[in-house]
Amino acid sequence: MVELNSLNRADIGDFEKLMAVTTVMTQSVITFLLPATHAIGQQFFLGGIYELIKFSAPAFIFGIVYSTVRTHPDTHLRDYPRFMLNRWHILFIPSILWTTVYLLVLPQLQQHQHYHNWASFAWQFINGNAAPHLWYNVMMLQFIIIMPLFWWLARLVRHRPARGCLLFLLALLFEICWHLLYERVVFHGYQAQHWYLLDRVFPSFIIFAVCGVLTHVFATELRPFMARHWLAQLVLWLLFLYIVTANFFRYGYPVRLTNAPYYLPSMIFYNLSTIGLIATLLGHLQKFRNQWLPFIHWVALYAHRAFLGHLFWLYWLWQASRRFLPWLPLELTLPLLVVLTITCSFAFAYGAHRTWSEIKRACGHRQIKNG
């Protein structure tokens with residue numbers, strides 16, 4: 001792993017992406033385990049873990065925007081074509097390939113409906129229904145496309161804390177209103193079947209992208225403040241965790257993961273508090289030059305590609321566990337599937353990248369920067 005010896009260092013965005021990709025894989029494992037679990041205690045155990053780690057998508061958006069703004073200082077619209085060419089290779093092409101694999105090899109994983117002709121195949125391809133986790137990929141790619149907006153916001157608030165506070169408050173107010181709309185109209189509402197695509201459009205996560213911009217621009221002021229008040233952050237995080245978990249469990253038995261969406265007002269504050277804690281921990285690791293920082297950066301480079309493929313590997317691992325290890329208790333099946341899924345996903349992502357890089361090098365093609 002040559003990247004481990006590079007001069008690249010892990011930033012807050014890298015650590016957020018690391019936490020996000022590992023927790024989203026754990027969420028996927030729970031979605032496989034829960035329907036086969038009938039004991040009330042085990043269902044609430046899985047549901048509690050699911051709610052605890054229900055910060056993966058916001059953390060990934062925060063991490064992507066933070067790292068992109070940090071690594072593209074003073075970038076303007078004229079730099080957009082070069083930026084998109086790089087992202088086309090490292091984000092869009094893997095997305096296209098993995099979506100094709102899911103639709104052709106594992107069509108049973110489709111959501112909401114199955115394709116039956118070329119038109120419905122194309123619709124399933126672009127709307128994120130090809131597999132349970134691809135809704136998020138569709139939403140994430142939208143943030144890549146509109147990245148000039150966040151470059152502009154970074155310039156707008158630089159050296160102007162008052163503008164930064166106003167931007168945060170406006171984004172927070174918009175997000176609360178958006179989530180209230182979703183809660184009343186879509187979540188168990190009369191438009192639940194028709195408006196479900198609202199969960200994969202960028203306004204649903206815009207507050208976390210804005211916070212990624214602000215955290216980078218005002219890092220000098222924010223990082224010492226967060227380090228000093230880590231205990232207060234922890235107390236707030238525990239409070240918000242209690243609120244969102246109580247809201248989830250009030251639906252009772254059987255535990256349904258559809259009752260734990262991202263788009264509730266309380267989830268905004270829980271996700272922001274979790275992102276803040278992760279950022280504070282990374283600041284502590286950087287302060288003491290922790291030896292794991294290069295590895296965190298390396299994992300972040302392959303996080304998106306590992307995320308794309310993880311459900312493919314999880315499906316086969318789940319089938320194998322049901323056939324060969326049906327006697328294994330839930331307490332062992334959960335961590336075993338999580339570890340194996342993470343290992344297979346990152347091993348394939350890294351191996352595929354290295355193989356393709358060697359092929360292009362042999363053909364004399366220019367290499368695209370990985371990240």
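Modeller: Start with helices. A helix is a DSSP run of H or I with at least four residues, a strand is a run of E with at least two, and both are numbered from the N terminus. The model is predicted: local features need pLDDT of at least 70, side-chain atom pairs count only at pLDDT 80 or more, and totals for chains, interfaces and linings use all residues. Residues are numbered from 1 along each chain as its sequence is written, and side-chain values use heavy atoms, with hydrogens and water left out.

Colleague: What makes a space a pocket and not a cavity?

Modeller: Both are sets of points on a 1 Å grid over the protein atoms alone. In a cavity, a 1.4 Å probe fits but cannot get out. A pocket is an open set with protein on both sides within 12 Å along at least five of seven lines. Grid points are joined across faces, edges and corners, and the volume is the space filled by probe spheres set on the points. The largest pocket holds about 1300 Å³.

Colleague: Which residues are closest to the centre of the largest pocket?

Modeller: Y50, Q111, P132, L257 and T258, out of 42 lining residues. A lining residue has an atom within 4 Å of a point.

Colleague: Which helix gives the most to the lining of the largest pocket?

Modeller: α1, with five residues. Among the helices that supply at least two are α1 (12-33), α2 (40-52) and α13 (293-324).

Colleague: How do the lining residues of the largest pocket divide?

Modeller: Into 25 nonpolar, 13 polar and four charged. Ala, Val, Leu, Ile, Met, Phe, Trp, Tyr, Cys and Pro count as nonpolar; Asp, Glu, Lys and Arg as charged; the others, Gly among them, as polar.

Colleague: Why is Y182 called buried?

Modeller: Buried means under 20% relative accessible area, exposed means over 50%, and partly exposed is in between, with a 1.4 Å probe and protein chains only. Y182, in helix α8, has 9%, so it is buried.

Colleague: Is H159 buried or exposed?

Modeller: H159 has 74% relative accessibility, so it counts as exposed. It sits in the loop between α7 (147-157) and α8. Its phi is positive, about 65°, although H159 is not a glycine.

Colleague: What makes D74 partly exposed?

Modeller: Its relative accessible area is 48%, so D74 falls in the partly exposed class. D74 lies in the loop between α3 and α4 (80-105). Its phi is also positive, near 55°.

Colleague: Why is G252 called partly exposed?

Modeller: Its relative accessible area is 23%, so G252 takes that label. G252 is in the loop between α11 (230-249) and α12 (265-287). P254 lies in that loop too, and the peptide bond from Y253 to P254 is cis, with omega near 0°.

Colleague: How do you know that C165 is in no disulfide?

Modeller: A disulfide is a pair of cysteine sulfur atoms within 2.5 Å. The structure holds zero. For C165, the nearest cysteine sulfur, that of C211, is 11 Å away. C165 is partly exposed, because its relative accessibility is 49%.

Colleague: Where is the kink in α13 centred?

Modeller: On A303, with a kink of about 50°. The bend at a residue is the angle between axes fitted to the seven residues ending there and the seven starting there.

Colleague: Why is α13 called largely enclosed?

Modeller: Because 23 of its 32 residues are buried, α13 is largely enclosed by the rest of the structure.
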